[in-house]
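User: I'm new to this one. Can you walk me through it?

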Amino acid sequence: MDDFNPCLSCGACCHHFRVSFYWSEADPFLGGSVPVELTEKINNNYICMQGTNQPNPRCVALEGTLGECVSCKIYAQRPTPCREFPLWLEDGSLNPECNRLRALKGLPAIELPDHQPNDEPPLVPIVA
């Protein structure tokens, strides 16, 4: 159960949103950690991950095959929008946005395991 992480075989969020954030997240002088070479300028205040400002977005940091096996090559350095997109909501339920995005990409809905210890969702990081 501890290994249950649908993000490792999904990638729908990384293949749907424009991942835009304040430019300082990619400025090492100001403490930013997002690799600047993987970003593009939107305006004077915001940048986005390359590939996400397209009609059919796919983040440049997404590795693998959508719906099969994916990972983020900059997971430890990912920008704020990626860090803040939850798999689990505060009440312990699955984020409905995950299944909505999966449906848009032709992927089946996430099926939760039959039993969860203490009726709580497993604690998993968002990797996709």
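User: Where do E97 and R100 lie, and how many residues apart are they?

Analyst: Both lie in helix α2, residues 96-104. They are three residues apart, about one turn of the helix. Helices here are DSSP runs of H or I with at least four residues, strands are E runs of at least two, and both are numbered from the N terminus. This is a predicted model, where local features need pLDDT of at least 70, side-chain atom pairs count only at pLDDT 80 or more, and totals for chains, interfaces and linings use all residues. Residues are numbered from 1 along each chain as its sequence is written, and side-chain values use heavy atoms, with hydrogens and water left out.

User: What do E97 and R100 form?

Analyst: A salt bridge. The closest N and O atoms are 2.6 Å apart. The rule asks for a side-chain nitrogen of Lys or Arg within 4 Å of a carboxyl oxygen of Asp or Glu.

User: How many salt bridges does that rule give?

Analyst: The count is one salt bridge.

User: What is the relative accessible area of E97? And of R100?

Analyst: E97 has 23%, so it is partly exposed. R100 has 39%, which is partly exposed too. Buried means under 20% relative accessible area, exposed means over 50%, and partly exposed is in between, with a 1.4 Å probe and protein chains only.

User: Let's zoom out. Which elements does the chain have?

Analyst: Two helices and five strands. From the N terminus on, they run β-β-β-β-β-α-α.

User: How much of the chain is buried?

Analyst: Buried residues make up 38% of the 128 residues. The accessible surface comes to about 7,500 Å². Carbon and sulfur atoms hold 52% of that surface. Areas come from the Shrake-Rupley method with a 1.4 Å probe; for residues, only the protein chains shown count as cover.

User: And what about contacts between residues 24 or more positions apart?

Analyst: They account for 60% of the contacts with a separation of 6 or more. Contact means heavy atoms within 4.5 Å.

User: Which residues make the nonpolar surface patch?

Analyst: Y22, W23, F29, L30 and Y46. The patch covers about 580 Å². Patch residues have over 30% relative accessible area and no salt bridge; like charges are joined within 9 Å, and nonpolar side chains (Val, Leu, Ile, Met, Phe, Trp, Tyr) within 5 Å.

User: How many aromatic pairs are there?

Analyst: Three aromatic pairs. In one of them, Y22 and W23 have ring centres 5.6 Å apart and planes at 40 degrees, so that pair is tilted. Y22 and Y46 have centres 6.1 Å apart and planes at 80 degrees, so that pair is edge-to-face. The rule pairs rings of Phe, Tyr and Trp (its six-membered ring) with centres within 6.5 Å; planes under 30 degrees apart are stacked, over 60 edge-to-face, and the rest tilted.

User: What parts does the Y22 and Y46 pair tie together?

Analyst: Y22 lies in strand β1 and Y46 in strand β3, residues 46-49, so the pair ties together parts that are 24 residues apart in sequence. Strand β1 covers residues 20-22. Y22, W23 and Y46 form one aromatic cluster.

User: Are those three buried or partly exposed?

Analyst: Y22 is partly exposed at 40%. W23 is partly exposed at 31%. Y46 is partly exposed at 39%.

User: What sits over the ring of Y75?

Analyst: The charged end of R78, 3.9 Å from the ring centre. The test wants NZ of Lys or CZ of Arg within 6 Å of the ring centre and within 35 degrees of the ring normal.

User: New topic. Is H15 buried or exposed?

Analyst: H15 is buried, at 12%. H15 lies in the segment before β1. Leaving aside neighbours within four places in sequence, H15 is in contact with N56, P57, R58, L66 and K105.

User: And which residues does E63 touch?

Analyst: R58, C69, V70, S71 and K73, not counting residues up to four places away in sequence. E63 lies in strand β4, residues 62-65, and is partly exposed at 39%. E63 and C14 are 49 residues apart in sequence, with their C-alpha atoms 9.9 Å apart.

User: Last one. Where is S33?

Analyst: In the loop between β1 and β2, the latter being 39-41. S33 is partly exposed at 35%. Beyond neighbours within four places in sequence, S33 is in contact with E25 and Q77. The C-alpha atoms of S33 and I74 are separated by 9.5 Å, and these residues are 41 apart along the chain.
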